[in-house]
Amino acid sequence: MSTPRDQLSLSQPSVSVVPDTGHIRSDRIETSVRTIADLHGVFADEAARSSIDQDQIVYHVERYQPVPDGTSGGLFFGTSFLQPGTVGGEYFMTKGHFHARPETAEYYWCVAGEGALILMDSDRSARAEFMQPGSLHYIPGYTAHRLANTGSTPLIVGACWPADAGHDYASIARDGFSVRLVQGEHGPVLVSAD
Ligand code: M6P
Ligand code: ZN
């Protein structure tokens, strides 16, 4: 016969993720929004970008950061919502970044929509992976990463990255990615940008 033990109470987690939409539910979510205006210099056709409504939202990100930015050993969680659209035949995309601590890795996974994850090494060699609901993408260290939405619905992507990874946008702002994802006759085509 088992001896009686103290009963410990279980608690509800303070954060959750809505399965089909990727929305993060918590009282401590941080949200950032990127409009067409914020993406100056990102697309090849700057004239086309500047002719679009500058307030149009291209993507927004919900982030759950349970520890202070820069905490060694901590993890952040986020969901990116990238709208469908094109600028001069180039698919709507995120700014993309290396990590400020370049050796740190990240996971992306697709919740909804269709698109591509564009990856570029520090030697500018690039590749892209298709994204569809359920696809999981390991982004190794020293690898810039950017999302492109090739579909007609929002591309919704979850992410998990080290709290001390940081973002290095400067090298992308200066040199861009070496490839671009553009509309081809039969679908998305990855073309050289260098
Ligand atoms: C994911 C993570 C975040 C990133 C966001 C938007 O949620 O990688 O760290 O900020 O995507 O991407 P970007 O910062 O390149 O605009
Ligand atoms: Zn990252």
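Biologist: What are the angles among the four donor atoms of the zinc ion (ligand 2), and how is the site classed?

Modeller: In this predicted model, the angles among the four donor atoms run from 85 to 157°, and the site of the zinc ion (ligand 2) is classed as irregular.

Biologist: What would the ideal tetrahedral angle be?

Modeller: For four tetrahedral donors the ideal is 109.5 degrees.

Biologist: Which residues coordinate the zinc ion (ligand 2)?

Modeller: The donors are His97 (NE2), His99 (NE2), Glu106 (OE) and His145 (NE2), at 2.0 to 2.2 Å. Their spacing in sequence is H-x1-H-x6-E-x38-H.

Biologist: Are His99 and Glu106 buried or exposed?

Modeller: Both His99 and Glu106 are buried.

Biologist: Let us turn to charges. How many salt bridges does the structure hold?

Modeller: There are eight salt bridges. One of them pairs Glu90 with Arg180, with an N to O distance of 2.5 Å. That pair links distant parts of the chain, since Glu90 belongs to strand β7 (residues 90–91) and Arg180 to strand β14 (residues 179–184), 90 residues apart.

Biologist: And is Glu90 buried or exposed?

Modeller: Glu90 is buried, because its relative accessible area is 2%. Arg180, at 19% relative accessibility, also counts as buried, because the limit is under 20%.

Biologist: Which residue does Asp121 bridge to?

Modeller: Asp121 forms a salt bridge with Arg127, with the closest N and O atoms 3.7 Å apart. Asp121 is partly exposed at 23% relative accessible area, and Arg127 is partly exposed at 34%.

Biologist: Which residues are joined into a network by shared partners?

Modeller: Arg101, Glu103 and Asp164 are joined into one network by salt bridges that share partners. Glu103 has a relative accessible area of 35% and Arg101 one of 37%.

Biologist: Now the backbone. What is the phi of Arg124?

Modeller: Arg124 has a positive phi of about 70°, although it is not a glycine. Arg124 lies in the loop between β9 (115–121) and β10 (126–131). Tyr142 also has a positive phi, near 60°, and sits in the loop between β11 (136–139) and β12 (143–149).

Biologist: Last topic: which residues make the nonpolar surface patch?

Modeller: Tyr107, Leu136 and Tyr138 make a patch of about 340 Å². Tyr107 is in strand β8 (residues 106–112) and is partly exposed, with a relative accessible area of 40%.

Technical notes. Residues numbered from 1 in each chain as written. Chains lettered and ligands numbered in written order. Predicted model: local features only at pLDDT ≥ 70, side-chain atom pairs only at ≥ 80, totals over all residues. Heavy atoms only, no water. Patch = residues over 30% accessible without salt bridge, like charges linked within 9 Å, V, L, I, M, F, W, Y side chains within 5 Å. Areas by Shrake-Rupley, 256 points an atom, 1.4 Å probe, with all protein chains shown as cover. Salt bridge = Lys/Arg side-chain N within 4 Å of Asp/Glu carboxyl O. Helix = DSSP H or I, 4+ residues; strand = E, 2+ residues; numbered from the N terminus. Buried < 20%, exposed > 50% of the residue type's maximum accessible area, 1.4 Å probe, protein only. Donors = N, O, S within 2.8 Å, 3.2 Å for Na, K, Ca; no water. Tetrahedral: all angles 85-135°; square planar, octahedral: opposite > 155°, others 65-115°.
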